[in-house]
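Which charged side chains pair up in this protein, and how exposed are they? The paragraphs below go through the pairs and then the chain as a whole.

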Amino acid sequence: MGEQAWRESGLGAPADQEELQRQVSRLEQANTELLARLEERDAELEAARPGP
């Protein structure tokens, strides 16, 4: 009942907004991981290039 009262009071975020925030967090984490992988591959490519 406490959670229902909290939501009805307007103080809590709507459930769909909460789910969207969780999705944003997941996508931000995935983006961070992909950027790290891209940087790693860039470094590997740079290391594989012949020197001057």
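R22 has a relative accessibility of 43% and counts as partly exposed, a class that lies between buried (under 20% relative accessible area) and exposed (over 50%), with a 1.4 Å probe and protein chains only. The model is predicted: local features need pLDDT of at least 70, side-chain atom pairs count only at pLDDT 80 or more, and totals for chains, interfaces and linings use all residues. Residues are numbered from 1 along each chain as its sequence is written, and side-chain values use heavy atoms, with hydrogens and water left out.

R22 pairs with E19 in a salt bridge whose closest N and O atoms are 2.9 Å apart; the term requires a side-chain nitrogen of Lys or Arg within 4 Å of a carboxyl oxygen of Asp or Glu. Both E19 and R22 belong to helix 2 (residues 15-48), where a spacing of three residues is about one turn of the helix. E19 is partly exposed, at 34% relative accessibility.

E19 also forms a salt bridge with R26, and here the closest N and O atoms are 3.2 Å apart. R26 has a relative accessible area of 48%, so R26 is partly exposed.

Another salt bridge joins R49 to E46, with 2.7 Å between the closest N and O atoms. R49 counts as exposed because its relative accessibility is 53%. A search of the whole structure gives three salt bridges.

As for the fold, the protein has two helices and zero strands. These elements are DSSP runs numbered from the N terminus, with helices (H or I) of at least four residues and strands (E) of at least two. The protein has 52 residues, of which 2% count as buried. Its accessible surface is about 5,000 Å², and carbon and sulfur atoms account for 56% of that area. Such areas come from the Shrake-Rupley method with a 1.4 Å probe; for residues, only the protein chains shown count as cover.
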